Amino acid sequence: MWLLVIEHHIYAMKKLTIATLICCSALAAGAKQPETGYRGFIDADYALFKHNAPGFEHQHAHHAGISTTHGYQIIPQLFVGAGIGIEKNTYTSNFYFPVFADVRTDLQFGCFTPYADMRLGWTLASDGGFLWQPTVGYRFNWGRTFAINLGVGCYLQCVKYSYYDSDNWDWQNPGYNHGDIIVSHGVETGLVVRLGIEF
């Protein structure tokens, strides 16, 4: 009885070892850095951040959107390009259109192919502003021209807040006088997760 159990565990360990070796071999075979020339990306983003608007400091919001980036792979370790995207704030239901420059480096350590990139740009919206999104991640290679990227990073967005001055609110007739509109500026920071393909 015990011999059968031991043989079963040995057989399972052999299968696991073989599967691991096959996966490592596949990764090693596909671990190639990008070739020089044109390079494009399509990404889906999901960001979680905290509102810094007066009166909403403890409210969390989400941005979900897609973006596309196109540029030139100068050397296997350096990509420079530009892109545009569309995002929706799930808290306010507002849409944003980020336009950005993108600098990316792809590294290779044996079969391990991490990357790091940084987006700098501006969000086109009535309350938009400067944006900065550095990310790090892993590139799953399917040859030199196609891959899947999975990354995580920081989300930093400068925004403009517009709200009514409650000190001048007409409490007897709130529908008549909302008070003066105050405009202030702030920075929203959070976490972004990005999944995309490159071609």
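**Close-up views of a predicted model**

By the rule used here, the count of salt bridges comes to 8. The model is predicted, and the legends below describe selected contacts in it.

**Figure 1. Arg39 and Asp106 meet in a salt bridge between their side chains.** The N to O distance is 2.8 Å. Arg39 belongs to strand β1 and Asp106 to strand β4 (residues 95-106), so this pair ties together parts that lie 67 residues apart in sequence. Both residues are buried. For Asp106 the relative accessible area is 2%, which is under the 20% limit, so Asp106 counts as buried.

**Figure 2. Asp106 also forms a salt bridge with Arg104.** The closest N and O atoms of Asp106 and Arg104 are 2.9 Å apart. Arg104 has a relative accessibility of 4% and therefore counts as buried. The charged end of Arg104 sits over the ring of Tyr115, at 3.9 Å from the ring centre.

**Figure 3. A salt bridge links Arg139 and Glu198.** Here the closest N and O atoms are 2.9 Å apart. Arg139 lies in strand β6 (residues 130-141), whereas Glu198 lies in strand β8 (residues 181-198), so the pair ties together parts that are 59 residues apart in sequence. Arg139 and Glu198 are buried. Through salt bridges that share partners, Arg39, Arg104, Asp106, Arg139 and Glu198 are joined into one network.

**Figure 4. The aromatic pairs include Phe41 with Phe79.** By the rule for rings, the count comes to 4 aromatic pairs. The ring centres of Phe41 and Phe79 are 5.2 Å apart and the planes stand at 75°; this angle is over 60 degrees, so the pair is edge-to-face. Phe41 is in strand β1 (residues 37-50) and Phe79 in strand β3 (residues 78-89), so the contact ties together parts that are 38 residues apart in sequence.

**Figure 5. Phe112, Tyr138 and Phe140 form one aromatic cluster.** Tyr138 has a relative accessibility of 15% and so counts as buried. Phe140 has a relative accessible area of 32%; this value falls between the 20% and 50% limits, so Phe140 is partly exposed.

**Figure 6. Arg119 lies in strand β5 (residues 114-124).** Its relative accessible area is 3%, so Arg119 is buried. The side chain of Arg119 makes a polar contact with the side chain of Ser67, at 3.2 Å. Not counting residues up to four places away in sequence, Arg119 touches a set of residues that includes Asp43, Asp45, Thr69, Phe100, Asp102, Trp132 and Gln133. Arg194 is also among the residues touched by Arg119.

**Figure 7. Gln133 sits in strand β6.** At 5% relative accessibility, Gln133 counts as buried. A polar contact of 2.6 Å joins the side chain of Gln133 to the side chain of Arg194. With neighbours within four places in sequence left aside, Gln133 is in contact with Glu87, Asp117, Met118, Arg119, Cys154, Tyr155 and Arg194.

**Figure 8. The whole chain, for context, has 1 helix and 8 strands.** Along the sequence, these elements follow the pattern α-β-β-β-β-β-β-β-β. Of the 199 residues of the chain, 34% count as buried. Among contacts with a separation of 6 or more, 57% are between residues 24 or more positions apart. The chain exposes about 11,900 Å², and carbon and sulfur atoms supply 70% of this area.

Notes
Residues numbered from 1 in each chain as written. Predicted model: local features only at pLDDT ≥ 70, side-chain atom pairs only at ≥ 80, totals over all residues. Heavy atoms only, no water. Helix = DSSP H or I, 4+ residues; strand = E, 2+ residues; numbered from the N terminus. Buried < 20%, exposed > 50% of the residue type's maximum accessible area, 1.4 Å probe, protein only. Contact = heavy atoms within 4.5 Å. Areas by Shrake-Rupley, 256 points an atom, 1.4 Å probe, with all protein chains shown as cover. Polar contact = N/O pair within 3.5 Å; in protein donor to acceptor, adjacent residues only side chain to side chain. Phe/Tyr/Trp six-rings, centres within 6.5 Å; stacked < 30°, edge-to-face > 60°. Lys NZ or Arg CZ within 6 Å of the ring centre and 35° of its normal. Salt bridge = Lys/Arg side-chain N within 4 Å of Asp/Glu carboxyl O.
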